[in-house]
Structures are given as structure tokens and as C-alpha cells.
Amino acid sequence: MKKHLILITVAVLLFSCGEPSKEKKLEQLKSELTKKQNSLSDLKSEIEKIENEIATLNGVKELQGQLIEVQPATVGIFKNYLDIMGKVDAEETVTLSSEMPGTVSRIYVSTGDMVNKGQVLAETDNSALMQSINDAELNLELITTLYEKQKSLWDQKIGTEVQFLQIKNQKESMEKKIGALKEQLRMTKIISPIDGTIDAVDIKAGSAVAPGMPAIRVVNMSKLKIKADVAEKFAPLIKKGNEVRVLIPDMNDSIDSQISYAAKTINTLNRTFTVEVKLDGNKDYHPNMFAKLMITTYSSSSAVVQLPVKLIQRDGTNSYVMIKNGNKAEKRILKIGQSYNGVAEILNGIKAGDEIITNGFLGLQDGSAIYTAVK
């Protein structure tokens, strides 16, 4: 029994040593709060001292109210933008392949070469086709001679009509055969369908090619555009003709243009639609460059006051700003329009020339005494 009492006593002592009492914790918090309050009081005293020194140095003999800074309200045409990312694309980009399987015999171009529409860029081995065409043309010469003789006899009513028609049919069949062989010969050549620049050559002489296999890519660098995808919720705002500012970060360049195309169909996979902006073909833009589009979605029809959003306060019901009215602060209720990039459109409440309090407005009430430093 005595042994049990000793164990219980030891456990109680250990528990009381390991857990600080509630009263002790409360005293610590009260002490910390007092220190913070004293620090805040000291900080306010230092701020007042600095304000007094500033006022003295600027010729203010007697301080009345709160030191502030002001800035006149400005007006201008307010615009709101939709910022989206896009990339440079070529309106005419074609990846060519051979229309017939075969072995590449000649390549006439290299990357960077300028080519014209209809120019032959490469061709596959066509020796067998050429031989077939030569043989067919020789046969056509013989058949044509026989046809002319048979026609001459038939015109004199010599011979039968069947003989004439047979030789005529042979001549026409051979002509069609030669035409088909020449079309196959054309299909052994890779021909550019556009004017442009050779962007890639993915074949080598002696390599085997087949229809659909990428061989040569041609890009028309004089017809470039920017393509971007826009979320469908902006479809009512984005139309062909919208003003747009294009920023090309990699070239440190920007241009002002218009939306040249806005798709009417929404992509069902990502719920977006495509917009395009044409670029100046004289500049050294490159396909797949990143571009930022600032599309104008709203523009005020007349000059309005523009105000930094950080100066606007709320009192639970209204948005307002503090202005300087003599040596008093005045609270002005605002009617705010749209905002962009930290600037708000002010529809009503202030006018050009009003002195907006830009520094020292926190804590001011309507009618509070204020003063500005003398510059």
C-alpha cells in the first residue's frame, strides 16, 4: 500500500511539471500584449515626431490635422482589354510528300531556298516510266500512220468502215495510255503549290518514299498571322474588327492591329474559339513564336476620370475616395465603371482637377483636418 502511494505521488509531480498551468500561460500572454502595445505607442510617437520635423523643415509653423499627399484627377479615353496568349502561324504552310512510292533520285532544293509555285523540288526514280512512255509513243507513231492511210482509203470509199473504226480506236487508246503514263510521270515529282521558303527537307537521295510520308515543307513567310484560342464566355465581346495590341516578347516588338478573323464555332473539347490577327510580312517574325494579344473589349465614348484602384475605399455600401477641399478632407461617393490593370473608370463622383488624396487617406473621415507638406 505504501508503495502504491509513492507511485501515485511521483506521477502527479511529473504531470504538474510537464504541463504549464493555465494561469501561468495567461500571464505570459498578458505580458506579451503589454510589450506589443508599448511598441505600438512608441511607433506612433516616432511617426508624429517625424511628421513634425517634416512640417518644420517645410515651413509649417503649427500642425493641424493629418499630413497628406495629393494628385489631380486625370481624364482620358478608358479602355478595357482581354489579355490572351497566342503564337505566330503562317497562312500558307504545306508539307509535301511524293504521290507515288519510289526511290528519291534528285533533290533540287535546300532549306532556306526561295521557291515559286509550280517549281519541281525533288523527284523519284522514273526510268521505267520513261521507257514505257518512249515505247508507247513509238507505237502511237506507227498506229497514227496506219490510221491516216486507212482514213484516206475510207474517204475514197475504199475498204470497210469496220477497218477504219478499229484503227481509229487503237490510236485513241494509245493516246490515252500515253496520257496516263505522263500523269504517273508527273506524280514522281514533288512540286511546290505555293510561293515560299523551304523550311525543311526530310528526305535524302536514295531513300525510299511513299505517299503521305513528309518530304519537304514550304512556308510562305510573307503571309503570317497570330492564332489564339479564346474562352467561349468572351464570344459576345470578341468580333472581327476589334482593336488589338500585339506584343512579341522574343523580338521586343509590338504592333497595333485588328482582329482579322473570329471563329463562330466553339471547340467542344476545350470550349474555346479561334481568333486571328494578320502580321506585317516585312518583319522577321517566325512561325510558332509566342505573342500576347491585348484585345480591346471596351472603350469609353468620351473622356472620363481614371483612378488607381488602390485609392478607392469601401464603407460597406459605397465605394468612395477622399479628396482635399481646402484644409479639410472630403468623402466623395463614386460610380465605378470597368477596371483594367489596376486602373478604374470613374463614371461619376469626381471630375478633372479634383485633388485626390493619394497618401495619408487611411483613417480620414469626412471633414477631417489635413495639411500638405510645402514643396
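Two strands count as paired if DSSP finds at least two bridges between them. In this predicted model, strand β7 (residues 120-124) and strand β8 (residues 189-191) are joined by three bridges and run antiparallel. Strand β7 is mostly covered, with four of its five residues buried.

These strands belong to a chain with four helices and 24 strands. The chain has 375 residues, and buried residues make up 30% of them. Among contacts with a separation of 6 or more, 74% are between residues 24 or more positions apart. The accessible surface of the chain is about 24200 Å², and carbon and sulfur atoms account for 53% of this surface.

Two of the helices can be taken together. Helix α3 (residues 127-155) has 29 residues and spans 41 Å from its first C-alpha to its last, close to the 42 Å expected at 1.5 Å a residue. Helix α4 (161-187) has 27 residues and reaches 39 Å between its end C-alpha atoms, close to the expected 39 Å. The buried residues of α3 are L129, I133, A136, L140, I143, Y147 and Q150, and they pack against α4. In α4 the buried residues are F164, I167, K171, M174, I178, L181 and L185. These pack against α3 and also against β8, the strand that β7 pairs with. Just after α3, K157 takes a positive phi of about 65°.

The largest nonpolar core has 26 residues, and I84, I226, V246, V275 and L293 touch the most other members. The elements giving two or more residues to this core are β3 (79-90), β12 (224-231), β13 (243-248), β16 (272-278) and β17 (290-299). Leaving aside residues up to four places away in sequence, V246 touches I226, D253, S254, I255, V277, A291, K292 and L293. A second, separate core has 20 residues, including I312, A344, I346 and I356.

The whole structure holds 17 salt bridges. One of them joins K223 and E92, with the closest N and O atoms 3.9 Å apart. K223 lies in the loop between β11 (216-219) and β12, and E92 in the loop between β3 and β4 (93-96), so the two residues are 131 apart in the chain. K223 counts as partly exposed because its relative accessibility is 39%, and E92, at 27%, is also partly exposed.

A second pair is E99 and R186, whose closest N and O atoms are 3.2 Å apart. Because E99 is in the loop between β4 and β5 and R186 is in helix α4, this pair ties together parts that are 87 residues apart in sequence. At 39% relative accessibility E99 counts as partly exposed, and R186 does so at 32%.

The salt bridge between D155 and K151 has an N to O distance of 3.4 Å. Both residues lie in helix α3, four residues apart, which is about one turn of the helix. K151 is partly exposed, with a relative accessibility of 33%. Elsewhere, E330, R332, K351 and D354 are linked in a network of salt bridges.

Definitions and conventions:
Residues are numbered from 1 along each chain as its sequence is written. This is a predicted model: local features need pLDDT of at least 70, side-chain atom pairs count only at pLDDT 80 or more; totals for chains, interfaces and linings use all residues. Side-chain values use heavy atoms; hydrogens and water are left out. A nonpolar core is a set of buried Ala, Val, Leu, Ile, Met, Phe, Trp, Tyr and Cys residues joined through side-chain atoms within 4.5 Å. Buried means under 20% relative accessible area, exposed over 50%, partly exposed in between (1.4 Å probe, protein chains only). Contact means heavy atoms within 4.5 Å. The expected span of a helix is 1.5 Å times one less than its number of residues. Accessible areas come from the Shrake-Rupley method with a 1.4 Å probe; for residues, only the protein chains shown count as cover. A salt bridge is a side-chain nitrogen of Lys or Arg within 4 Å of a carboxyl oxygen of Asp or Glu.
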